[in-house]
Amino acid sequence: MPASKLKVVVTRKLPAPVELRMKELFDARLNESDRPFSVEELAQAMQTADVLVPTVTDKIDGRLMARAGDQLRLIAQFGAGVDNIDVASAVQRGITVTNTPGVLTDDTADVAMALILAVPRRMHEGVQIMEAGKFDGWTPTWMMGRRLSGKRLGIIGMGRIGQAVARRARAFGMQIHYHNRKPVSSRIEESLEATYWDSLDQMLARMDIVSINCPHTPATFHLINARRLGLMKPEAYIINTARGEVIDEAALARAIRAGKIAGAGLDVFEREPAVNPELIGLPNVLLLPHMGSATIEGRTEMGEKVIINIKTFADGHRPPDRVIPAIL
Ligand SMILES: O=CC(=O)O
């Protein structure tokens with residue numbers, strides 16, 4: 001089928017240049033209001049479209065996948081993470097799934113680094129003090145935080161984003177440690193002077209800051225639970241720019257309130273957009289509204305990647321960012 005006839009349903013509003021190009025290339029149904037689709041609307045889109053372009057906010061589980069029409073050939077996710085999609089059942093039904101890796105690496109790593117800087121140095125508390133007009137003048141012992149230089153950063157998930165966080169943290173004098181399913185190449189390890197920990201438990205016990213940069217999969221769901229939080233040093237901080245589900249959010253709130261760890265910087269949450277109320281209003285917890293990849297450049301490039309994936313697929317080639325369940 002020529003690409004111009006391909007019915008492409010896009011579930012959320014995308015950057016204007018991306019929508020314009022989609023309209024030029026495909027029979028694109030856009031979501032101008034940006035209201036998220038209901039389950040029924042998603043099911044309907046999956047029965048009428050050749051290509052669905054969902055985002056992290058659309059849960060496409062096995063039940064929904066079972067309702068997909070024969071016409072649906074491609075799910076071209078606008079986003080790197082695909083934990084909202086039951087990829088195994090898509091593949092079983094002969095539906096290809098693609099994502100948009102690479103173009104949001106630096107943006108997400110920047111937000112992780114911003115949190116790594118901001119939380120130990122109490123920036124969030126400082127802003128609140130200024131906004132409340134409570135700055136009474138410099139004192140030698142006031143607002144003391146923790147120095148980054150010389151501290152150990154433990155990265156969980158040393159993929160593209162984890163490595164980009166490591167490069168940034170090195171520029172701030174931090175020592176890089178990581179846990180991953182397997183060690184990265186010795187070339188990367190040497191260039192980052194990174195230490196691999198096979199045992200996550202052992203790594204957690206030694207780190208000053210822990211940064212979560214792994215995908216959310218059944219294997220990483222609640223990887224950081226009450227037991228593991230209990231292994232961390234009381235002066236350690238945890239940063240999450242990956243997926244909320246990797247941390248047991250209730251256990252994290254309890255650990256912070258009990259002083260078992262020193263604080264957290266979170267851009268993602270277990271039940272977005274809901275945030276565990278026990279995490280709100282704490283001076284040592286900095287919360288951001290899932291904005292890791294939110295740059296004009298990044299979001300536009302994500303859209304370009306979606307288009308390239310659809311176009312190559314329509315032309316009968318294997319799309320560049322095909323997601324293979326085995327590598328999740
Ligand atoms: O969180 C956003 C993404 O996975 O792209």
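## Two domains and some side chains

Student: What separates the centres of domain 1 and domain 2?

Tutor: A distance of 31 Å, with both centres taken over C-alpha atoms. Keep in mind that this is a predicted model: local features need pLDDT of at least 70, side-chain atom pairs count only at pLDDT 80 or more, and totals for chains, interfaces and linings use all residues. Residues are numbered from 1 along each chain as its sequence is written, and side-chain values use heavy atoms, with hydrogens and water left out.

Student: Which residues does the domain assignment give to each domain?

Tutor: Domain 1 is 7-102 + 295-327, and domain 2 is 105-287. Those bounds come from an automatic or database domain assignment.

Student: How many residues of domain 1 are in contact with domain 2?

Tutor: Eight residues of domain 1 are in contact with seven residues of domain 2. Contact here means heavy atoms within 4.5 Å.

Student: And how much area do domain 1 and domain 2 bury between them?

Tutor: About 590 Å², of which 38% is on carbon and sulfur atoms. On the domain 1 side, D83, G102 and T295 supply 61% of the area buried against domain 2, more than any other three residues. Buried area is the accessible area (1.4 Å probe) that two parts lose on being put together, summed over both.

Student: What makes R243 and D83 a salt bridge?

Tutor: Their side chains meet at 3.1 Å, N to O. The rule asks for a side-chain nitrogen of Lys or Arg within 4 Å of a carboxyl oxygen of Asp or Glu, so an Arg and an Asp at 3.1 Å pass. The rule finds one salt bridge across the interface of domain 1 and domain 2.

Student: How many salt bridges does the rule count?

Tutor: The count comes to 18. One of them joins D34 to R12, with the closest N and O atoms 3.0 Å apart. That pair links distant parts of the chain: D34 is in the loop between strand 2 and helix 2, R12 is in the loop between strand 1 (7-10) and helix 1 (16-25), and they are 22 residues apart. Helices (H or I, at least four residues) and strands (E, at least two) are DSSP runs, numbered from the N terminus.

Student: Which peptide bond is cis?

Tutor: The one from E272 to P273, with omega near 0°. You'll find P273 in the loop between strand 11 (263-266) and strand 12 (285-287).

Student: How do you know that R170 and E193 link distant parts of the chain?

Tutor: R170 is in helix 7 (residues 160-171), while E193 is in the loop between helix 8 and strand 8 (195-196), 23 residues apart. Their side chains meet in a salt bridge at 2.9 Å, N to O. E193 has a relative accessible area of 59%, so it is exposed, whereas R170, at 32%, counts as partly exposed.

Student: What do M130, F135 and W142 form?

Tutor: A nonpolar patch on the surface, with about 340 Å² of accessible area together. Areas like this come from the Shrake-Rupley method with a 1.4 Å probe; for residues, only the protein chains shown count as cover. Patch members need over 30% relative accessible area and no salt bridge, with like charges joined within 9 Å and nonpolar side chains (Val, Leu, Ile, Met, Phe, Trp, Tyr) within 5 Å. W142 is in the loop between helix 6 (123-131) and strand 6 (152-156).

Key
Buried means under 20% relative accessible area, exposed over 50%, partly exposed in between (1.4 Å probe, protein chains only).
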